[in-house]
Amino acid sequence: MSNELLTPDYIFESSWEVCNKVGGIYTVLSSRAKTLQEAFPDRIIFIGPDFWKEQESPYFREDKSLLAGWQWEAKELGLKVRVGRWTVPGEPIAILVDFTPYFEQKNEIYGWLWENYGVDSLHAYGDYDEASMFSYAAGLVVESLFAYLSMDTDRHVSGNSPKAVYHANEWMCGLGALYINSKVPEIATIFTTHATSIGRSIAGNQKPLYDYLFAYNGDQMADELNMQSKHSIEKQTAHHVDCFTTVSDITANECVELLDKKVDVVLPNGFDDSFVPKAQAFTRKRKLARRKMLQVANALLGENLDDDTIIVSTSGRYEFRNKGIDVFVEAMNRLLRDRDLKKNVVAFIDVPGWVGEPRQDLKERIDSGLPYDTPLEVPQVTHWLHNMGHDNVLNMMKFYDMHNRHEDKVKVIFLPCYLDGNDGILNLTYYDVVLGNDLCIYPSYYEPWGYTPLEAVAFKVPCITTDLAGFGLWANKEFGHEGQLEDGVKVIHRTDYNYSEVADYIKDTVADFSSMTQKQVDTCRSNASKLSKKALWKEFIKYYYEAYDIALRKAQSRFTN
């Protein structure tokens, strides 16, 4: 066997988050697109769900001339697709498919899945049906497009039949991968689980995941936690594809224990720093972000906090325990009484909750531009929520009597909306908000990779994370020791049971940061930026090439034996 890697002529990649910005996988795929588009110009083709139909999508630009011959064929086959470009750096080809017509065939599709792969769809609920029908539609799209491209010998590089890879992300795309595996065996299949559904569920249900990982049986836990169908599709896909992958060593352990399958290669999540503004623009944006954040805080709290205030934040999905939001609130509560804290701190929780509308009383204060010396009522939140009485963040603050009083040196503010630049209060995008922070804190309990700390360091913001996050483990490996704030990333050791120590470590780290000289802060910022450069896609894309090679060789062996 030669040492040269096999490379695909075409890569088809499907995900629920193609042109659909709902979570971290959107960032993985959209930031990687440019690197792959440069290596495989218009031969990397993304397939996503079509939620926009006739409406204009902010993430997709239709182009009827792209793959025009196939578009006509697809229509003849009854496939409802739109072909165009994903409006992210690199602008790769994206195909959006309307999967709603397949609900009528749902039972037949699930029957086929059970007979051929033993996947149990009987216990399906929630998003299982929707994801499965999309995945099935994506499989049909790739089957048809591959047949078209195989006939069109001018388009591909290697002469006879093109070498192709189908890359499915998460359990949501498992059905499509199994469909391709069965119906188009010449296409090599790759499956990436970004987090095992059962691991996330164990952690989210307050059960200790790590100490007992060796003893958990994935199938048994799926029964106990009512996760049979998602676990079943994920496990069978992992076992049947040509190359099974995940995003970090910590999740690779989980796959062995909960899916009974070792991963073939780990694909860490990289970053594309074209999002990061350059020198003068960076300074200008940072100043603007800080001014806006302090303006919102002052209007809400009736304070006059100046630019010497330390701005810290946590962000991510609203998984109260998994993302460590509980520990963040705990640490800020302890920091209130810490004598070593030298400056005022404003701590933002930038996590989308069940948001109602922006607070008009707050908006009026901000618009007036006047100083105020009395707080608004409920000075802990910028937008009204639909479930004020049942919200975890507000309830925990209430339990600890954290009311952002004038004498408190630490004020905690919940910003419960997607930061898309149009939230009605801050009106800044997420990246512009991150850039304004002094310190970002992500004390995750369950975090397969951890985009939020990687994004923070890319914007030169030092951060605190844990060694239960894939990114935290990777950072420790890069440093050759447990990361400290001076390195740009403080990596705290976290276990199933040391919640209290983690809160203390965070409190102490923020207090230490408050007494750092400007020179020390600059060192932290510079080292954070240096570390982020080691996690650019150009450094990590080699692992993908390895996965393509493994999958293509396996697919080839089906036809040579």
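In this predicted model, the axes of helix α4, which covers residues 128–151, and helix α5, which covers residues 174–183, come within 7 Å of each other and cross at roughly 35°. The crossing of α4 and α5 is right-handed.

**The contact between the two helices**

- On the side of α4, the residues that take part are Ser132, Ser135, Tyr136, Gly139, Leu140, Val142 and Glu143, and in α5 they meet Gly174, Leu175, Gly176, Tyr179, Ile180 and Lys183.

- Nine strands form an open sheet with mixed pairing, and their order is β3-β4-β5-β2-β1-β6-β7-β8-β9.
- Strands β3 (60–62) and β9 (265–266) stand at the edges with a single partner strand each, so one side of each is left without a neighbour in the sheet.
- Within the sheet, strand β4 (residues 81–86) runs antiparallel to strand β5 (residues 93–97), and five bridges join the two; Arg82 stands opposite Leu96 in β5.

**Helices packed on the sheet**

- Helix α5, which also meets α4, packs on the sheet, where it touches β6 (164–169) and β7 (188–193), and its direction makes about 155° with that of β6.
- Helix α9 (residues 249–258) likewise packs on the sheet, touching β7, β8 (243–246) and β9, and the direction of α9 makes about 130° with that of β8.

Technical notes. Residues are numbered from 1 along each chain as its sequence is written. This is a predicted model: local features need pLDDT of at least 70, side-chain atom pairs count only at pLDDT 80 or more; totals for chains, interfaces and linings use all residues. Side-chain values use heavy atoms; hydrogens and water are left out. Axes are lines fitted to C-alpha atoms, for helices over the stretch in contact, and angles run from 0 to 180 degrees between N-to-C directions. Helices (H or I, at least four residues) and strands (E, at least two) are DSSP runs, numbered from the N terminus. A crossing is left-handed if the near helix is turned anticlockwise from the far one by less than a right angle, and right-handed if clockwise. Contact means heavy atoms within 4.5 Å. Two strands pair if DSSP finds at least two bridges between them.
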